[in-house]
Amino acid sequence: MAQTSSCETITTKQETIANLARQAPEMVLTTLAHHIDLMWLEEAYRRTRKDGAVGVDGVTAEAYEERLQENLSDLLDRFKSGRYRAPPVRRVHIPKDGTKKTRPIGIPTLEDKILQRAVLMVLEPVYEQDFLDCSYGFRPGRGPHQALQALWDGIMDLRGAWVIDLDIQAFFDSMERTHLHAFLDQRVRDGVIRRMLGKWMQAGVMEEGVIHHPERGSPQGGVISPLVSNVYLHEVLDRWFEQEVKPRLHGRALMVRFADDALLAFEREEDARRVLEVLAKRLARFGLTLHPEKTRLVDFRRPPWRRGTRRSQRGRSFDLLGFTHYWGRSRNGHWVVQRKTAKTRFSRAVRQIGHWCRRHRHLSVAEQWEALGRKLRGHDAYYGITGNARALVRFRQAVRRVWLKWLNRRSYRPSLNWDAFNRLLQRYPLPPARVVHSNYVA
């Protein structure tokens, strides 16, 4: 009951902040930190993930909870007085899609996670009033499937488009803090909040026991980093495209952005080429660089209506948010934008299943079956969209092959052939492919 009451109180405060920001879009807010009290920190702690890896201090959630009220009170005092020292972020590397390359991920300490969550809970209601509809990444009530739907609707409305597949090279490491501070100054100048944001930007990164202090960028891994990136790209890309670019175009255009991934679609080729020419200069003004190989202009016009007329579709597809977008025929014979699981994501998912089967091959068949069922349902929860059923079926076929392979690596078991494995699947059937998201009507 008390938890419900505190949630309602905080929601009311957030609505007050949002209303103020909405009613005065040009106002610079100078008093926000007073909203963060002990109840606010308790709610921030409740929303913080507890099972993640530990930061540089090695403190776990279990240890922190032993004296939770005392620890949160002390954290609040250090935050308000300015005595809180942001610890460096522990950096680890995880594999990238289907390659030997790795992607750096930052792991903050538990206290940093709590405090970042608390500050996010204050800032989010402010910036949600400013952010544009074209932005979908890491925003409440928005997600990748909404972005995919908006892109589908937009391209279908344009009846095909010239698409700029935009890729910003090392975005999180390239943001210039002077520009970020200037962007923040336009809306939030609360001294306590801004001081804390500055400390997080300068906290440094610990890798293999050595602390580095990059002069640019934002450490990845904390919950505040996506908001900071959205603030940066809101000014650099979103507002520029909506307010300066679109009014100068000869045809219609749209943009869909999810964090640092963005697609710009144009009705006319000349508009797309003009924007592509100035895009690199625009980003360079703010320390950002287009990836020379991944950024490209795609002729994504709808194929001719006549069945006898063919136009090469090679190179006429693009990837966004794990899906390859291409033109295909609907059941009614009409051309529609269709999506399928991108090759790199498909391969990575199969490889992850294989690694799991190898590590857990000595579990009982029933235990493996339950775990694989959860993984398949999780796969469908993201990739189960209209038009992607064939890739979902292929994924299950790949999972069956991988499972059979590692069941046969159990030395104390006789080998299974496909007939025996199919009989086993009758007893332990894997869940069928399921379309979870009906994103469009074909």
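Trainee: In what order do the four strands of the open sheet lie?
Mentor: This is a predicted model. In it, the order is β2-β1-β4-β5, with mixed pairing.

Trainee: Which strands are at the edges?
Mentor: The edge strands are β2 (102-107) and β5 (210-212), each of which pairs on one side only. Neighbouring strands of the sheet are turned by 40° against each other on average, direction ignored.

Trainee: In what sense do β1 and β4 pair, parallel or antiparallel?
Mentor: Strand β1 (residues 89-95) and strand β4 (residues 205-207) pair in the parallel sense, over two bridges. Val 89 stands opposite Val 205 in β4.

Trainee: Turning to helix α9, what span should its 12 residues have?
Mentor: Helix α9 (residues 191-202) should span 16 Å at 1.5 Å a residue, and this agrees with its end C-alpha atoms, which are 16 Å apart.

Trainee: What caps its N-terminal end?
Mentor: Asp 190 does, with a side-chain oxygen 3.0 Å from the backbone nitrogen of Val 192. Just after α9, Gly 204 takes a positive phi of about 90°.

Trainee: Which residues of α9 are buried, and what covers them?
Mentor: The buried residues are Val 192, Ile 193, Arg 194, Met 196, Leu 197, Gly 198, Trp 200 and Met 201. Their cover includes α4 (68-81), α5 (110-127), α8 (177-185) and α10 (224-245).

Trainee: What does Asp 380 touch?
Mentor: Leaving aside residues up to four places away in sequence, Asp 380 touches Leu 392, Arg 396, Pro 432, Ala 433, Arg 434 and Val 436.

How values were computed
Residues are numbered from 1 along each chain as its sequence is written. This is a predicted model: local features need pLDDT of at least 70, side-chain atom pairs count only at pLDDT 80 or more; totals for chains, interfaces and linings use all residues. Side-chain values use heavy atoms; hydrogens and water are left out. Two strands pair if DSSP finds at least two bridges between them. Axes are lines fitted to C-alpha atoms, for helices over the stretch in contact, and angles run from 0 to 180 degrees between N-to-C directions. Contact means heavy atoms within 4.5 Å. The expected span of a helix is 1.5 Å times one less than its number of residues. Buried means under 20% relative accessible area, exposed over 50%, partly exposed in between (1.4 Å probe, protein chains only). A polar contact is a pair of N or O atoms within 3.5 Å; within protein, one must be able to donate a hydrogen and the other to accept it, and residues adjacent in sequence count only if both atoms are side-chain atoms.
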